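Here's a quick walk through one protein model, starting with a helix and its neighbours and moving on to the cores. Have a look at the structure first.

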Amino acid sequence: MSNAETWTVRRILDWTIDYLKQNGSESPRLDAEVLLAHARGCQRIQLYTQYNEPLTEQQRSVMRGLVKRRATAEPVAYLVGHREFFSLDFIVNAHVLIPRPDTEILVINALDACKGIEAPQIVDLCTGSGCVAIALAKNHLKAKITAVDISPEACEVASQNIKKHQVEERVRLLTGDMFSPLPKNVRFDLIVSNPPYIPNAEVSELQADVQKHEPHLALAGGEDGLDFVRKLINDSPIHLNSGGWLMFEISPEQAMVCSELLKAAGYVDVSIKNDLSGQARVVCGKVKP
């Protein structure tokens, strides 16, 4: 970036878009706008009314650092420290998966399952940033959620988000492996999870920003990707009330296998829910009443 001309918002956006495009970004304009808004401390929409405003030297320095890191495939959400999910803003860092729109389908179906239950008791396993648990709490004001993750670092991020969204009284956070930290003899109306489901051998083939930067602990699901799914299916019934639901996220090609696993384990009303792009994303099953 030479200093021959003034570095206005418009000029730095144009330069950054071109640079990120050359360095493999699939959404160079969006990336550039999000990073520049962060560097300037403003909303992204405000950039459109500030096209001719020059950047300060400090803003340029911050932007240079962000763009350099983005060019090595570091995710934008980690660079700016937050990501929107279900119309809520969540703190994120490299210890948690970045919340994605596909996972919103899990929240939508969980809320549907809770209709008619005045104060549902819910467990969110592999909670990560806590986005699913908190979205449920914010959209069902009498729901009580227990959120569990094996990673202490992920739990720290979830704790920050629970406090940020002021749901401390209704979202309890536990550190441990899957069902192990759940209280004995307590049953729930619903168990939800976005577990690791990528086959181990495929993790290294994921997009560079995911493979290089997102936590493999939250991605790798065993040889066929279903180690955690099988545990969910096998262990959930003893933690669910009669007629309680289990629902979890998977990749589209796993949907039919997971559906058959649920049926073989005795679940009823088994169904597959599609995400916004029409891909199978969530599998649901109910414990026999």
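Helix α2's buried residues pack against α1 (9-22), α3 (57-70) and α4 (76-80); contact here means heavy atoms within 4.5 Å. Before going on, note that this is a predicted model, where local features need pLDDT of at least 70, side-chain atom pairs count only at pLDDT 80 or more, and totals for chains, interfaces and linings use all residues. Residues are numbered from 1 along each chain as its sequence is written, and side-chain values use heavy atoms, with hydrogens and water left out.

Which residues of α2 are buried? They are P28, D31, A32, E33, L35, L36, A37, A39 and R40, where buried means under 20% relative accessible area, exposed over 50% and partly exposed in between (1.4 Å probe, protein chains only). Helices (H or I, at least four residues) and strands (E, at least two) are DSSP runs, numbered from the N terminus.

The length of α2 checks out: at 1.5 Å a residue, its 13 residues (28-40) should span 18 Å, and the end C-alpha atoms are 18 Å apart, which agrees. That expected span is 1.5 Å times one less than the number of residues. Just after the helix, G41 takes a positive phi of about 70°.

On the α2 side, D31, A32, L35, L36, H38, A39 and R40 meet Q59, V62, M63, L66 and R70 of α3. R64 also lies in α3, and R64 is partly exposed, with a relative accessible area of 34%.

On to the cores. A nonpolar core is a set of buried Ala, Val, Leu, Ile, Met, Phe, Trp, Tyr and Cys residues joined through side-chain atoms within 4.5 Å. The largest one has 30 residues, and L136, V192 and M247 have the most contacts inside it. Elements giving two or more residues to this core include β2 (88-91), α5 (104-113) and β7 (240-249), while α6 gives the most, with 7 residues. Beyond its neighbours within four places in sequence, M247 is in contact with residues including L106, N109, V192 and C284. A second, separate core has 25 residues, among them I233, L240, C258 and V287.
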